[in-house]
Amino acid sequence: MKIADNFSRLGTENAFIILAKAKKLENEGREIINLGIGQPDFLTPKHIVEACKKALDEGHHGYTPANGTLELREGVVRHIKKMYQADISPERVFIAPGGKPSIFFAIMMFGQPNVEIIYPEPGFPIYESVINYTGAKAIPMFLSEKKNFSFDADEVLSLINKKTKLLIINNPQNPTGGLIERSEIDKLVNGLKNFPDLTIFSDEIYSRQIYDGKKMPSFFHYPELYDRLIVMDGWSKTYAMTGWRLGWSVWPENLIDNVTRMAINSYSCVSAASQVAALAALDGPHDFLNEMMDKFTKRRSLIVDGLNSIPGIQCNNPGGAFYAFPNVSKTGLSGDSFADKCLFDAGVAVVPGTSFGRTCKDFVRFSFANSYENIEKALEKIKKIL
Ligand SMILES: Cc1ncc(COP(=O)(O)O)c(C=O)c1O
């Protein structure tokens with residue numbers, strides 16, 4: 001069977017492959033601590049689950065508009081106003097099954113041969129995968145350990161040329177936990193005035209996981225970009241709803257029909273009852289977010305201090321998300337061998353840096369979306385095998 005050539009260029013997300021390997025070992029009777037997958041280890045808050053049950057009982061069983069129900073899009077508008085004091089019309093809001101479809105659709109919309117798309121490295125692997133799939137040239141924007149995985153605005157601007165059609169930014173960042181500060185984004189936005197044909201895609205899926213009392217440096221703070229800005233966020237990480245498949249994005253007016261057409265051509269719409277639950281999440285109580293962040297903050301100290309206490313490991317303090325991205329090169333192991341050793345010898349699933357870019361061979365991603373006790377145990381096990 002001969003399938004289309006561009007499939008050979010489509011990558012994947014290794015975290016899912018590691019999850020499958022870990023599950024296999026568990027099924028064989030091994031005890032595995034999973035610090036691989038990036039999803040909160042909490043249950044979705046009860047009032048959200050109840051809203052979904054009620055919606056099903058009340059008959060929300062059919063298709064909805066492909067871009068999402070008006071009620072939910074208006075809920076997203078209120079959320080954006082509350083968070084960033086930004087005024088967005090509900091016509092520009094797009095509801096999708098997760099954050100990922102918005103990434104896929106944006107890259108499909110701009111990517112083609114002879115076009116360049118800039119993406120972060122280390123970065124969420126889906127960006128590079130889909131850029132390559134479209135035949136566009138993937139241009140990495142390197143985030144360095146020395147800058148705590150932030151970027152230098154001038155360096156980013158120097159990558160832009162006439163062929164560059166899309167600039168992808170992810171803040172806070174997967175896999176590094178890096179947080180790009182508002183001042184650096186101000187500089188970037190100022191420089192973007194010189195490139196009026198460039199569209200910006202801001203992946204803000206970790207917008208509510210920011211440490212040390214800092215505020216989310218969202219692209220919604222720059223109305224001057226609104227006619228060429230796509231912002232993606234969602235419910236997965238904020239409300240512990242990864243398995244519900246719910247995300248939202250805001251698009252320039254002239255792109256919203258195109259992205260809606262992508263939905264109609266693929267999945268039609270998001271499950272109706274899930275959309276009711278999504279609205280309950282936005283409009284309901286948010287105290288559990290503080291509880292979740294208290295836990296993440298304690299785990300962050302535990303994992304960063306724990307990793308730094310192991311000879312040969314150097315770990316920066318992440319400013320956001322729930323990932324630590326230590327450099328393990330001084331242990332004498334590559335990130336790949338380190339991750340294999342962790343899984344097979346210590347029973348701890350982690351993701352090697354090479355899953356996030358070719359240049360990340362010295363690194364390993366630890367997700368601290370697991371209990372304090374499990375992280376403590378995992379650190380002990382890793383110390384022992386090293
Ligand atoms: C940076 C980034 N963007 C997007 C996503 C996808 O989110 P969702 O599960 O809502 O599709 C993830 C998930 O890990 C992520 O880390």
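1. Let's start in the loop between helix H4 (100–110) and strand E3 (116–121), which is where you will find Asn114. Keep in mind that this is a predicted model. Asn114 isn't a glycine, yet its phi is positive, at about 80°. Asn114 is also exposed, because its relative accessible area of 62% is over the 50% cut-off.

2. Most residues other than glycine have a negative phi. You'll find Asn148 in the loop between strand E4 (137–142) and helix H6 (153–158). Asn148 counts as partly exposed, at 31% relative accessibility.

3. Asn171 and Pro172 are joined by a cis peptide bond, with omega about -15°. The bond from Asn174 to Pro175 is cis as well, and its omega is near 15°. Where is Pro172? Pro172 sits in the loop between strand E5 (164–170) and helix H7 (182–192), and Pro175 lies in the loop between E5 and H7 too. Most peptide bonds are trans.

4. Asn174 turns up again at the ligand. There are 15 residues around the ligand, and the closest are Asn174, Asp203, Tyr206, Ser236 and Lys237. An N or O atom in the side chain of Asn174 is 2.7 Å from an oxygen atom of the ligand. For the side chain of Lys237, an N or O atom is likewise 2.7 Å from a ligand oxygen. Gly99 uses its backbone instead: one of its polar backbone atoms is 2.8 Å from an oxygen atom of the ligand. On its own the ligand would expose 390 Å², and the protein buries 94% of that.

5. With 12 residues at 1.5 Å a residue, H2 should span 16 Å, and its end C-alpha atoms are 17 Å apart, which agrees. Which residues of H2 are buried? They are Ile48, Ala51, Cys52 and Ala55. Looking down the axis of H2, these buried residues fall within an arc of 100°, so they line one face of the helix. That face packs against helix H9 (272–283). Over on the other side of H2, Lys46, Lys54 and Asp57 are exposed.

6. Finally, look just past H2. Gly59 follows the helix and has a positive phi, near 95°. Gly59 belongs to the loop between H2 and helix H3 (70–84), and is partly exposed, with a relative accessible area of 45%. Gly59 and Ala272 are 213 residues apart in sequence, but their C-alpha atoms are 9.4 Å apart in space.

How values were computed:
Residues are numbered from 1 along each chain as its sequence is written. This is a predicted model: local features need pLDDT of at least 70, side-chain atom pairs count only at pLDDT 80 or more; totals for chains, interfaces and linings use all residues. Side-chain values use heavy atoms; hydrogens and water are left out. Helices (H or I, at least four residues) and strands (E, at least two) are DSSP runs, numbered from the N terminus. The expected span of a helix is 1.5 Å times one less than its number of residues. Buried means under 20% relative accessible area, exposed over 50%, partly exposed in between (1.4 Å probe, protein chains only). The arc is that of the directions from the helix axis to the C-beta atoms. Contact means heavy atoms within 4.5 Å. A residue is near a molecule or strand if one of its heavy atoms lies within 4 Å of it. A polar contact is a pair of N or O atoms within 3.5 Å; within protein, one must be able to donate a hydrogen and the other to accept it, and residues adjacent in sequence count only if both atoms are side-chain atoms. Accessible areas come from the Shrake-Rupley method with a 1.4 Å probe; for residues, only the protein chains shown count as cover.
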